[in-house]
Amino acid sequence: MMAAALAFSDLTVRKGGRAIVCGISGHLKRGAVTAILGPNGAGKSSLLHILAGVEQPRSGTVLLGGAPLGTLSAQERARRIGFLPQKGEVHWNLAVKSLVGLGRMGHSAGRSLSQEDEAAVVAALAATDVTHLSDRSALSLSGGELARVLLARVLAGAPEWLLADEPLGSLDPAHQLAVLKRLAMTARAGAGVVVVLHDINHAARIADHVVLMKDGAMLADGAAQDVLTPDLLEAAFSVRFRLVNDGGRRLFVAE
Amino acid sequence: MRLNLSLLGALVLAILLSLLAGRHWIAPGEWLAGDLPSLIITQLRLPRICLGALVGAGLGMSGAAMQGYLRNPLADPGLFGISACAALGAVTSIFFGVSGVPMALPVCALAGAGAGVMLLVLLAGRSGSLILFTLAGVMLSSLAAALTALVINLAPTPFASAEIITWLMGALTDRSWNDVLLALPLTVAGMGLLMLTASQLDALSLGDLAARSMGVDMAGLQRLLVLGLALCVGGSVAVAGVIGFVGLMVPHLVRPLVGHRPSALMIPSALAGALLVVVADMLVRVAPVVSEIRLGVMMSVLGAPFFLMLLLKMRREIA
């Protein structure tokens with residue numbers, strides 16, 4: 001299990017003379033959902049960017065299965081770590097199917113898609129409930145449809161690690177729950193899922209592990225039931241939360 | 001594939017038709033009969049047509065690559081200021097009266113393109129930032145235009161000014177096989193480099209962050225693109241002067257036919273660019289006017305309204 005971990009130590013990020021992330025360390029496991037929580041500007045996205053290898057920390061290291069992230073080829077990194085950015089950009093009027101096919105780039109290396117690639121695309125379209133949109137053009141989709149198509153793009157690559165930055169932003173409640181369920185299933189299937197979330201109850205619903213951040217530092221890092229407590233949440237968000245037991249499910253209500 | 005074959009077929013047809021057409025029409029049966037017709041065909045029309053196809057292919061693919069990289073359907077090789085810098089180099093050689101020396105003008109044009117590219121990279125830094133890159137290109141192209149105007153202004157004789165202005169308009173008139181031999185390696189090498197960027201341009205359509213996570217090395221991509229553009233655009237300016245709008249119009253027309261995929265756009269854009277320039281040059285030759293219309297002028301006359309139409313269409317889409 002050790003070999004499959006994503007570990008980071010002493011990560012520091014500075015932007016415009018300000019420390020965004022200051023010296024944090026942690027150890028994420030595959031087969032589990034890790035939620036990164038924290039108020040705006042806590043450094044959640046920066047941490048995710050560094051783990052995805054799209055941003056370089058000023059100092060510190062990230063180890064993927066024991067090997068420094070920087071020593072992997074860009075293609076191997078892309079194949080093993082799938083990253084879903086917060087802002088879903090699509091610039092050309094691509095058909096949904098070929099957009100999701102881009103998720104196979106790490107496997108196909110610019111060649112046309114193999115049968116295996118095609119099968120992965122079909123499976124990913126079904127997994128996010130967008131099969132019926134296959135032939136639509138990406139620019140004609142609603143925000144929620146596009147968000148699910150972009151998630152399908154990452155799932156199509158079948159990465160060992162799925163890193164998603166606020167994937168629920170433009171979704172209605174039904175699709176929010178469907179996407180959360182999909183993330184949990186991806187983790188059950190053996191991938192490591194790391195997801196930045198805003199809603200504490202969404203985190204409580206799927207996270208096995210929670211990283212709580214504030215001002216670039218790690219406030220808490222541990223099993224979900226140990227971190228999601230009214231005291232720690234108040235320390236992070238500066239709001240008092242009441243814990244409500246709703247038939248076995250823990251709900252957090254801001255007071 | 002079918003699109004490529006149709007475009008190739010159309011290009012071959014256009015080239016054959018173009019061999020017939022001109023101030024004197026020469027029927028196929030007479031192509032190799034007699035000294036004069038065969039001279040016109042092999043030493044005048046054929047090199048001119050080959051050059052047109054090369055220049056068009058290079059500019060068409062440059063436009064496709066640039067639009068993909070900048071994710072902007074209004075981008076054109078001129079935007080980077082590379083063609084303006086190449087033109088400045090060529091014009092400077094005319095100014096100093098060395099344009100008569102063999103190879104002086106093309107070498108100066110390539111040097112101009114190379115210098116433009118290097119300035120662009122220095123200005124935009126190694127970040128690969130899109131906005132910085134575009135702004136540096138805009139700055140560079142206005143600087144080159146200003147310096148070109150200065151050269152015309154300071155030209156020692158009215159003849160030199162006239163020569164510069166005529167040259168700036170861009171044409172394929174009186175080109176020889178030597179010009180083809182000059183443009184061929186430059187354009188082929190440039191297009192080869194641009195083809196290496198194709199799949200990375202696809203990833204870029206999901207934005208910088210997603211592209212980087214998909215394994216795109218932004219700085220490396222920028223290097224390939226800049227070098228490929230310099231060779232294609234510099235090579236074309238060296239032999240034909242400034243021919244604008246090919247890189248704007250062609251990818252835009254071809255894009256819907258390839259499902260809007262940047263990588264699938266590259267080769268059809270090269271073929272369609274070649275087709276466009278060969279046909280436009282043929283029209284220029286057969287047009288019943290006293291002095292031949294310059295190809296560059298013809299292209300701008302076609303291109304500017306096209307640009308306007310594109311803008312109006314985009315405005316409607318935004319509204």
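Two strands count as paired if DSSP finds at least two bridges between them. In this predicted model, strands β11 and β12 of chain A pass that mark with 6 bridges. β11 covers residues 241-246 and β12 covers residues 249-254. The two run in the antiparallel sense. Together β11(A) and β12(A) make a hairpin, with 2 residues between the strands. Gly247(A) lies in the turn. Its phi is positive, at about 55°.

A separate group of strands was examined next. Chain A holds an open sheet of 4 strands. Their order is β2-β1-β4-β5, and the pairing is antiparallel. The edges are formed by β2 (18-28) and β5 (67-68) of chain A, each of which pairs on one side only. Helix α1 of chain A, residues 44-52, packs on this sheet. The helix touches β1, β2 and β4 of chain A. The direction of α1 makes about 125° with that of β1(A).

Inside the sheet, β1 (residues 6-15) and β4 (residues 59-64) of chain A are joined by 5 bridges. These two strands run antiparallel. Ala7(A) stands opposite Leu63(A), a residue of β4(A). In general, strands of a sheet pair through backbone hydrogen bonds. Side chains in a regular strand alternate between the two faces of the sheet.

The interface between the chains was then considered. Here 21 residues of chain A are in contact with 23 residues of chain B. The two chains bury about 2000 Å² between them. Of this area, 67% lies on carbon and sulfur atoms. In chain A, the residues that lose the most area to chain B are Trp92(A), Leu102(A) and Met105(A). Together they account for 35% of what the chain A side buries.

Polar links across the interface were also counted. The rule finds 0 salt bridges between chain A and chain B. Polar contact joins 3 residue pairs, with both residues at pLDDT 80 or more. On the side of chain A that touches chain B, at least two residues each come from α2 (74-80), β6 (81-84), α3 (96-101) and α6 (143-156). α2(A) gives the most, with 3 residues. By residue class, this side of chain A divides into 13 nonpolar, 5 polar and 3 charged residues.

Methods:
Residues numbered from 1 in each chain as written. Chains lettered and ligands numbered in written order. Predicted model: local features only at pLDDT ≥ 70, side-chain atom pairs only at ≥ 80, totals over all residues. Heavy atoms only, no water. Contact = heavy atoms within 4.5 Å. Axes fitted to C-alpha atoms, helices over the stretch in contact; angles between N-to-C directions. Buried area = accessible area lost by both parts, 1.4 Å probe. Salt bridge = Lys/Arg side-chain N within 4 Å of Asp/Glu carboxyl O. Polar contact = N/O pair within 3.5 Å; in protein donor to acceptor, adjacent residues only side chain to side chain. Nonpolar A, V, L, I, M, F, W, Y, C, P; charged D, E, K, R; others polar.
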